[in-house]
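This report describes a protein model from its overall dimensions down to individual residues. Please keep the sequence and the coordinates at hand while reading.

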Amino acid sequence: MRITNGKTNHIFTPLGYSIPKPVFTWCVEESRGKRAAESRVAVSLREDMKEPLWDSGFDGDITALGYTPDIMMTPRTRYYWTVAVRSDAGEEAVSPIQWFETGKLEEPWEGRWITCPSCRNTDGGEERHPVFEKMILPEKKLRAARLYICGLGLYEAEIDGVKVGEEYLSPGCNNYNGWLQYQTYDVTELLREGGLLAVTLGNGWYKGRFGFEKSEKGFYGDDFKLIAEVRLCYEDGTESVIGTDESWTVRRSRIVFSNIYDGEKWDATLPETAAVPALLCPEEDCPKAPLTGRYSPPVIVHKTLRPVLLHTPAGETVFDLGQNMAGSFAYRVQIPEGRTLRLRFGEQLQDGCFCRENLRTAKEEFVYISDGEPVVLRPRFTCFGGRYVLVEGVGNPDPEDFTALCYTSRMERIGYLETGNELVNRLISNIEWSRLDNFIDVPTDCPQRDERMGWTGDAEVFAPTACFLADTYVFYRKYLHDIDTEQQERGGQVPNVVPSCGIQGTSSAWGDAATIIPWTLYLFTGDKTILEEQFASMKAWVDYITEVDGNACGWRKAFHYGDWLALDRIRRESGECRGATDEGFIADIYYRYSAQILSRTAEVLGNSEEAVKYGTLADALEKRIRDEYFTPTERCAVPTQTGLLLALRHGLADPARTAADLRKKLASNDNKLDTGFVGTPLLCNVLSEHGMSDLAETLFLNEEYPGWLHEVRMGATTIWERWDSLDENGHFSSTGMNSLNHYAYGSVAEWLFRHLAGLQPLEPGFTKARLAPSPVWELKNLDCSYHSAAGLWKIHWDIVDDEHLHLEVTVPFGCSALLSLPFCEEEELELQTGSYEFSYRTAKPMHQRVSIDDTLAGLLANPKAKAVLVRMMPQITQLPERLKGIPLRAAASRLGGEKAEALLEKLERMLKEC
């Protein structure tokens, strides 16, 4: 038996994070037993775990999903902990020793906010970014050294030219008016003999151009600011503190421009500047927001890419990275003195040539004026998004000299899917890449154009998929903290964009991220700490809606984005992007849903009064929705695809009738989706949950427009913002709002985990799950592994032939499952911890062969058969409905004329492969 995955507040060995109270979690593997009989947690200040501060003793009530020791934490202190577990088989194991280290907590800062004199060039007005410096010299033999630091807008620290830490774009993007976060670094080895600490500042989100305003000034601040402390702890128990003050110096770097949208510019021909004393920030200019230990996981390089060199028909030199990505680069180059190197990023070639029109006003470029010396260029204070790099200023660029650095916020990948269908595997990869590219400190809409904002609607609809793919707890906790601080400035209103950067307005489904995301995290982790931390925010949002709603249904009358980018009411010429589903209907449903979540949250937290209050509100809203939007016979009066999906998902109508209406609605659209941001995340899940898995599979596997695999067929390497982001010729359908890296429609991966793999949690934290896999002939096989909070679940199915299936499942330690064998008439099986295999003959064939004697309607409902028919007889889809009920043999005779027999023979041969 082994104890693994020990984390503190869902982080491996956290250093300086904001930890109001420690919460320990762990997993058990390789046990003969089925569950823990009792567990014991110990906490000590000593790495050998002697003289513990806390020892729970063995206790049967301790849960691996979250245990909090009763200890009083002190600033800048490392705590060690272990857990021992005894299984019901008599085994006992002790975990490896884990640790967490507190930051400054409420301790006053000895460092002060410092700034610099004006650093404008006299010739061009460009701002040379400052470098603050301080020589650090230990007075005695060093035991440990820590750097506590926050630089605005962004900072990068070095000691004797060696970068401090492995993260980028620190201190991150947050609501700087509401709070500021500092980072803590272990710099013991870098300072053992002393060294020069140099901190370079860039503009970033704080003081650079960002948001919809065209101003070059930042929304949050105008001046560079730095606060830092170096704590030197000596072996004799004493310590010294070097904090930022007037003794620090500042000089000018050769970085003359940076911001998030437009890139970065270096001028190596500029002269060195003399160091001058730093300035203390005047009291009135010091940031007023509280400084707190970090919430953000670090932004890291998760992958590097090497390009291939292209020469376009327009004579351009372009690096092709082979993958749409977000991040920076390292480029080794030597060009003549005074020459300008310019690198520009773009997502898609047009007719083989470089294109960047869909970036709108974002320049997304790096400019370097050479001093003639060899150099490795790495932009520090910006982020690029795209697949292609236009290279100007280098005669014969060697792609081996260029390395793309792909950024993302650090979080553990925990969910994996692989099938026997390469298009589906590419789609899964595209979804993961869009998550990685858009999870750079904030869950953004896109990583490339002049937006890149934390749109709450995108974050909300994608949250379940993100939680299946990665351990998102820490990342979302930071985002939810930002939501909370924004609400405190707005009377509970959740802005559409978080951090808001001054952008006003809210909307249903968008603002409901305040309730839906924390509830999703709780369901996935089983840790109610997130509900405790966010309850006030969740309540403030529902109370805000209630106030707006008043006594006249004011909430449904307010502006809402509705089913954004749905295809049933898009008018490009008018700029209309909202779908046809009534926005008031969506608003009322989400209002009720948030009230339900709040009631359930209050119940989990033991607050029965609030549970009753908001449960009653949800019941009243249900009656209001039924009265306004449903007929007396329970038929949904909002008969769009999304309207019917919402009615089914939220139990608002007769399920049989509504499912039949939805099936008919889809059939009238040739079994193609027309849903947007609200409907698409529900689509396949709701269909599968209401007996229409066949439709879910048809929609998912559709390779024509609109559909997920259509994008893959078009060469996508990430998820598109629009179903028609590119037309059939690979041209942008529009450039006003058109990203090729938007994760919202990637929410379909939740359905892949829940229904194709069949992993459906029945209790928070996945301690109990229903396993109901749905094998699909076109996929042939599927492998799913999910390292839940409780342990590793595995599901594998393999279609041996039409009537034989092989299935393997693994239930982790301490968990149980209800297994539904697919294509089998057996009742659900109850499974405990362990691995199981099943091979059997199915109750019915898993694949219905098609032939020329099938009706046209039946063949056209089969994606592969339809592709064959359309290729051979393009006019076949235009036939009147009355003719689609006849066999293909008869239809071919009518359409094929004299060549009918030859056509039928070829069709029969090709259809056998379907």
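## Basis of the values

The model is predicted, so to speak of a local feature requires pLDDT of at least 70, and side-chain atom pairs count only at pLDDT 80 or more, whereas totals for chains, interfaces and linings use all residues. Residues are numbered from 1 along each chain as its sequence is written, and side-chain values rest on heavy atoms, with hydrogens and water left out.

## Overall form

The secondary structure of the protein comes to 19 helices and 41 strands, these being DSSP runs numbered from the N terminus (helices: H or I, at least four residues; strands: E, at least two). The radius of gyration is 30 Å, close to the 29 Å that the globule rule gives for 914 residues, so the protein is as compact as a globular protein of that length; the radius is taken over C-alpha atoms, and the rule is 2.2 Å times the number of residues to the power 0.38. Along its principal axes, the C-alpha trace spans about 95 × 70 × 60 Å.

Of the 914 residues, 62% are buried, where buried means under 20% relative accessible area, exposed over 50%, and partly exposed in between (1.4 Å probe, protein chains only). Among contacts between residues at least 6 apart in sequence, 71% join residues at least 24 apart, a contact being heavy atoms within 4.5 Å. The accessible surface comes to about 35,100 Å², with 48% of it belonging to carbon and sulfur atoms; areas come from the Shrake-Rupley method with a 1.4 Å probe, and for residues only the protein chains shown count as cover.

## A strand with two faces

Strand β31 pairs in the antiparallel sense with strand β36 (residues 781–787) over five bridges, pairing being assigned if DSSP finds at least two bridges between two strands. In this pair, T419 stands opposite L782 of β36.

## Two buried helix residues

S434 belongs to helix α2 (residues 422–438) and counts as buried because its relative accessibility is 0%. Leaving aside neighbours within four places in sequence, S434 is in contact with T718, I719, N741, H742 and Y743. By C-alpha positions, S434 and D802 are 36 Å apart in space and 368 residues apart in sequence.

Q534, in helix α6 (residues 529–549), counts as buried at 3% relative accessibility. Residues up to four places away in sequence not counted, Q534 touches L480, H481, D484 and P518.

## Backbone features in loops

A cis peptide bond joins S170 and P171, with omega about 10 degrees, and P171 is found in the loop between β12 (162–163) and β13 (180–186). The peptide bond from V498 to P499 is also cis, with omega near -5 degrees; P499 lies in the loop between α4 (473–488) and α5 (513–525).

Although not a glycine, E634 has a positive phi of about 70 degrees; E634 sits in the loop between α9 (608–629) and α10 (641–649) and is partly exposed, with a relative accessible area of 36%. F823, likewise not a glycine, has a positive phi of about 55 degrees; F823 lies in the loop between β39 (816–819) and β40 (829–831) and is partly exposed at 24% relative accessible area.
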